[in-house]
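Here's a quick briefing on the chain you're about to see. Have a look at the fold, then read on for the core, the overall numbers and a few individual residues.

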Amino acid sequence: MSRKPDILGEFAADHRELLGLLERIEAAPGGSAERGDLLTRLTDLLFTHCAAEEEHLFPVVQHDVPDGGALVFSSIHDHLAIGQYLSDLQGVQPDDPAFATLLRGLADTLRRHLADEEKALFPAARKALPATARAALGDRLRQARAELG
């Protein structure tokens, strides 16, 4: 019987998928429709991922992890910056020179954010939360995602 990932495993898997999509966007020809399509997929995944972290992980981290409030604040600040980049990118076409500049800003911010979560927030949560609690949160996250389709 295979074990399902706990909540941190679920979010780490999201991170890998996000980075893969980002690499594909960067590798796609500048100005191509493929780039725009991949950005739409990245945007959808980022919004659902960030919302899920804010709903399912951050309240627990803020409550149960030492200095959890600061960790959550930093992540939410990054989510807002990422959201602004995504919003700005929606306003330009992939062949617009501004697209490349905004994409570079998004890529740098997203990579740093994901690395920060995996180096600071996730280990702190793993240390503070019992495995059973992390597993239950993972189950709850999967259930919520299944209900959304």
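**Start in the core**

Leaving aside residues up to four places away in sequence, Leu 110 touches Leu 22, Leu 42, Leu 46 and Ile 82, where a contact means heavy atoms within 4.5 Å. Keep in mind that this is a predicted model, where local features need pLDDT of at least 70, side-chain atom pairs count only at pLDDT 80 or more, and totals for chains, interfaces and linings use all residues. Numbering runs from 1 along each chain as its sequence is written, and side-chain values use heavy atoms, with hydrogens and water left out.

**Nonpolar cores**

- The largest nonpolar core has 22 residues, and Leu 39, Leu 42, Leu 46, Leu 106 and Leu 110 touch the most other members.
- A nonpolar core here is a set of buried Ala, Val, Leu, Ile, Met, Phe, Trp, Tyr and Cys residues joined through side-chain atoms within 4.5 Å; buried means under 20% relative accessible area, exposed over 50%, and partly exposed in between, with a 1.4 Å probe and protein chains only.
- At least two residues of this core come from each of helix H1 (7–27), H2, helix H3 (68–90) and helix H4 (97–128).
- H4 gives the most to this core, with 7 residues.
- Another core, of 18 residues, lies apart from it, with Leu 8, Val 65, Leu 121 and Leu 141 among its members.
- In soluble globular proteins, nonpolar side chains tend to be buried together.

**Overall shape and surface**

- The chain has 5 helices and 0 strands, taken as DSSP runs (H or I, at least four residues, for helices; E, at least two, for strands) and numbered from the N terminus.
- Which pattern does the chain follow along the sequence? Reading along, you get α-α-α-α-α.
- Along its principal axes, the C-alpha trace spans about 50 × 35 × 20 Å.
- Of the 149 residues, 42% count as buried.
- Among contacts with a separation of 6 or more, 74% are accounted for by residues 24 or more positions apart.
- The accessible surface comes to about 8,200 Å², and 55% of that belongs to carbon and sulfur atoms; the areas come from the Shrake-Rupley method with a 1.4 Å probe, and for residues only the protein chains shown count as cover.

- Thr 43 is found in helix H2 and is buried, since its relative accessible area is 7%.
- Not counting residues up to four places away in sequence, Thr 43 touches Leu 86 and Gln 90.
- Asp 44 is also placed in helix H2 (residues 33–64), but at a relative accessible area of 47% Asp 44 is partly exposed.
- Asp 44 and Asp 95 are 51 residues apart in sequence, and their C-alpha atoms are 21 Å apart in space.

**From H2 into H3**

- Asp 67 is in the loop between H2 and H3 and counts as exposed at 65% relative accessibility.
- Although Asp 67 is not a glycine, it has a positive phi of about 60 degrees.
- Gly 68 touches Val 61 and Gln 62, not counting residues up to four places away in sequence.
- Gly 68 and Tyr 85 are 17 residues apart along the chain, with 26 Å separating their C-alpha atoms.
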